[in-house]
Amino acid sequence: MNESLALLLVHDLLLSKSGIAASVTHPLRQAVTRHKARLTAELTKIRIKKGFGSINELRNHIAKVDVDETEGKAPSAASPKQVQHPRWARINISKSTLDDQLQTTFAGFEIVDSLEQILLAEPATKILYVDQHIPNLIALAPATDLSKTAAYRKGYIILQDKASCFPAYLLDPKVEDGVCLDACAAPGNKTTHLAAILKSQDRTRGKARIWACERDKVRAGVLSDMVALAGCQDIVTVRAGQDFLDLKSEQSPWNEVGSLLLDPSCSGSGIIGRNDGHTVTLPSTIQNAQMPERSRKRKRHVKTNSKTIADKAGQEISQPGDGPIQLQARLKALSAFQLRLLLHAFRFPNARMISYSTCSIFAEENEHVVVAALQSSEAKQYGWFLHLRDEQITGMKTWPVRGDIQACQHRLADDISGAEQIAEACIRCLPGTKDGTQGFFVAAFIRRCQKVVSAVDSNYSQMGSPVMASPMRDSSAVEEDEDWNGFSDSN
């Protein structure tokens with residue numbers, strides 16, 4: 001048992017309402033519970049010393065972000081309030097409505113006028129805020145526990161960060177466009193959000209279809225469970241074990257795809273708490289070094305400082321503790337993989353729209369991938385452009401945080417105007433801000449002409465600025481558009 005696992009098990013034993021999530025005969029559980037009396041006594045001493053009258057008070061203290069970590073005690077009345085990360089919940093309109101949930105699950109909650117009231121509230125305050133950017137999304141105080149509610153167990157509400165709702169909402173799929181493909185679908189929050197959007201358009205016709213690909217069969221099982229819980233298995237087909245890169249886009253049935261949601265594996269650097277380390281005071285390695293030689297040899301050494309884990313596509317994801325060289329190497333590998341997926345998405349002949357997203361704060365996985373995709377031969381050959389801010393759905397158009405201009409300009413040499421347009425079209429979320437989101441990035445691509453160009457213009461390789469876009473028009477309009485200068489439609 002390593003230090004991190006020991007800390008987790010002790011936390012669950014002493015503070016979690018449900019205790020350790022393992023059978024009573026599990027060796028790890030037994031290893032901790034045999035010391036329960038001593039651990040409980042020590043916790044009681046610390047709780048009393050710190051001035052907490054009950055375990056619940058201590059739990060609330062732990063949940064608060066505005067704790068004076070230097071002093072190790074509760075903040076004074078003069079301590080400035082810090083931004084907390086709210087509990088976000090999406091009302092699953094495949095099964096319920098916002099009004100129904102406000103009258104039932106949240107009947108005892110006060111509806112407040114601003115997100116700031118949520119961010120500065122006590123962790124367990126019964127208040128909620130109805131989001132102004134994403135329909136059917138609410139913010140709650142961070143310690144709000146919905147896991148025991150009937151609405152959560154029945155799939156009426158889905159716990160999903162606000163930023164994670166951006167890809168499906170920006171994609172704005174239409175039933176008439178054909179099949180919607182979620183390329184890297186597990187665990188299924190975005191898939192079920194897509195389903196809710198499509199089902200709201202298709203209450204009677206029954207034509208909405210989503211195909212959800214997940215190459216890892218274990219994760220595909222989680223995806224299937226999520227789809228069933230959300231009540232959208234009637235329009236979602238889970239393609240378990242299906243690698244998106246293996247799809248033959250020109251062949252049936254994949255040539256029926258009209259929109260794609262691409263949320264590939266990434267560094268995860270925007271996830272709240274991912275890089276937060278914990279200081280654990282346990283017996284030091286010096287004590288181990290002083291042990292007799294015979295005892296040291298009998299110890300089983302377990303490596304606990306692995307810096308990478310393999311994601312569902314076999315790529316490496318950065319971990320806390322990566323040095324600059326290791327991080328850059330991983331970002332290079334990840335961005336190459338992400339671009340490969342995005343260019344493959346460009347090849348679906350009847351696709352109208354693609355959303356590309358990551359939960360990363362690094363430009364290498366975000367703006368750099370977008371610019372590289374726009375400059376690719378695939379973008380020119382298949383007629384893909386960037387979906388500009390003015391043409392985005394209202395909630396995304398009004399979102400204030402846009403892409404990084406300098407990151408775009410880094411890939412565009414001296415094309416400042418092009419960098420500004422691309423940055424405006426990209427959407428960013430920053431962790432730990434008054435917006436209450438995790439770190440996230442999303443951009444959308446729109447197909448401007450249906451005709452697939454067989455030969456790329458010979459001048460394409462010298463193109464200085466990437467392809468820009470406005471909403472899809474017929475191919476005849478492309479010939480008259482002076483902004484389209486990558487190839488000649490007469491070819």
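This is a predicted model: local features need pLDDT of at least 70, side-chain atom pairs count only at pLDDT 80 or more; totals for chains, interfaces and linings use all residues.
Phe445 has a relative accessible area of 0% and is therefore buried.

The partner of Phe445 is Phe346: the two ring centres lie 5.4 Å apart and the planes meet at 70°, so the pair is edge-to-face. Because Phe346 belongs to helix α13 (residues 324-346) and Phe445 to strand β15, this pair ties together parts of the chain that are 99 residues apart in sequence. Phe346 is also buried, with a relative accessible area of 0%. Together with Trp384, Phe346 and Phe445 make up one aromatic cluster.

How many aromatic pairs does a search of the whole structure find? The search finds six. One of them joins Trp211 and Trp254, whose rings are edge-to-face, with 5.2 Å from centre to centre and 85° between the planes. This pair links distant parts of the chain, since Trp211 sits in strand β7 (residues 210-214) and Trp254 in the loop between β8 (236-240) and β9 (257-262), 43 residues apart. Are these two tryptophans buried or exposed? Both Trp211 and Trp254 are buried.

Rings can also have a charged side chain over them. Arg239 lies over the face of Trp211, at 4.8 Å from the ring centre. Arg448 lies over the face of Phe385, with 4.7 Å to the ring centre. The C-alpha atoms of Arg448 and Phe385 are 6.7 Å apart in space, although the two residues are 63 places apart in sequence. Arg448 is found in the loop between β15 (440-447) and α19 (475-480). With a relative accessible area of 2%, Arg448 is buried, because buried means under 20%.

The next group of contacts involves opposite charges. Side chains of opposite charge can pair when their charged atoms come close. A search of the whole structure finds twelve salt bridges. One of them is formed by the side chains of Arg209 and Glu256, at 3.1 Å from N to O. Arg209 is partly exposed at 36% relative accessibility, and Glu256 is partly exposed at 31%.

Another salt bridge joins Arg347 and Glu378, with the closest N and O atoms 2.8 Å apart. Arg347 is in the loop between α13 and β12, while Glu378 is in helix α15 (residues 377-382), so the pair ties together parts that are 31 residues apart in sequence. Arg347 is partly exposed, with a relative accessible area of 26%, whereas Glu378 counts as buried at 13%. Arg219 and Glu214 also meet in a salt bridge, at 3.9 Å from N to O. Here Arg219 is partly exposed at 32%, whereas Glu214 is buried at 1%.

The tour ends at Ser357, found in strand β12 (residues 353-358). At 0% relative accessibility, Ser357 counts as buried. Which side chain does the side chain of Ser357 meet in a polar contact of 2.6 Å? The partner is Asp263. Leaving aside residues up to four places away in sequence, Ser357 touches Pro167, Leu262, Asp263, Pro264, Phe440, Phe441 and Val442.

Notes:
Residues are numbered from 1 along each chain as its sequence is written. Side-chain values use heavy atoms; hydrogens and water are left out. Helices (H or I, at least four residues) and strands (E, at least two) are DSSP runs, numbered from the N terminus. Buried means under 20% relative accessible area, exposed over 50%, partly exposed in between (1.4 Å probe, protein chains only). A polar contact is a pair of N or O atoms within 3.5 Å; within protein, one must be able to donate a hydrogen and the other to accept it, and residues adjacent in sequence count only if both atoms are side-chain atoms. Contact means heavy atoms within 4.5 Å. Rings of Phe, Tyr and Trp (its six-membered ring) pair if their centres lie within 6.5 Å; planes under 30 degrees apart count as stacked, over 60 as edge-to-face and the rest as tilted. A charge sits over a ring if NZ of Lys or CZ of Arg is within 6 Å of the ring centre and within 35 degrees of the ring normal. A salt bridge is a side-chain nitrogen of Lys or Arg within 4 Å of a carboxyl oxygen of Asp or Glu.
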